[in-house]
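Notebook open, structure loaded. I'll jot down what I look up as I go.

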Amino acid sequence: MRVSPDGKWVVYNNGNAELWTASFPAFTDRRRIFAGNARAPIWRADGREIIFDAQPDVLTAVDVKTGATLETGPPRPLFKMPQGSGSSTVFFWTMTNDAQHFLLRSNGGGTEGEVEQLNVILNWPALFAK
């Protein structure tokens, strides 16, 4: 379950992996926004979009208009994620606040139980300043 940036709505999966929204904290005004198998919903930082993984591994977006009521547009696929971008319990993707850039885990072809290395470079623009 994720709370919207304005704190008035939540997006969540029900027991059937459908995607729903509801008012928060009262949990009224519930509505289904995706009837398929969905996971890992994330609100865009401005609250105008919900991005989620629509199985099998298609990153999908729903436009959102918040206010006294919540209005949603139809789901639209953004792109197919690499195989191995998630499991049934762990999600290996995230996005920038404006949902213009995505960071995805790609299956590196390693063996079961192998520890993968992840390098994070902070302040990377400074590398190009010289």
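This is a predicted model: local features need pLDDT of at least 70, side-chain atom pairs count only at pLDDT 80 or more; totals for chains, interfaces and linings use all residues.

Started at Val3, which I find in strand β1, residues 2–3.

Buried or exposed, or something in between, for Val3? I get a relative accessible area of 40%. Buried would need under 20% and exposed over 50%, so Val3 goes down as partly exposed.

Together with Met1 and Phe24, Val3 makes a nonpolar surface patch of about 290 Å².

Moved on to β6, residues 49–54. How many of its residues are buried? I count six of six, so I'm writing the strand down as mostly covered, buried being under 20% relative accessible area.

Then the neighbours of β6. Strand β5 (residues 38–43) runs antiparallel to β6, and four bridges join them. Across that pair, I see Ala38 opposite Ala54 of β6. The two strands form a hairpin with five residues between them. I looked at phi in the turn: Gly47 is positive there, at about 75°.

On to strand β7, residues 58–65. Its pairing with β6 is also antiparallel, and here I get six bridges. The β6 and β7 hairpin has three residues between the strands, and Asp57 takes a positive phi near 55°.

Key. Residues are numbered from 1 along each chain as its sequence is written. Side-chain values use heavy atoms; hydrogens and water are left out. Patches are made of residues with over 30% relative accessible area and no salt bridge: like charges are joined within 9 Å, nonpolar side chains (Val, Leu, Ile, Met, Phe, Trp, Tyr) within 5 Å. Accessible areas come from the Shrake-Rupley method with a 1.4 Å probe; for residues, only the protein chains shown count as cover. A salt bridge is a side-chain nitrogen of Lys or Arg within 4 Å of a carboxyl oxygen of Asp or Glu. Buried means under 20% relative accessible area, exposed over 50%, partly exposed in between (1.4 Å probe, protein chains only). Two strands pair if DSSP finds at least two bridges between them.
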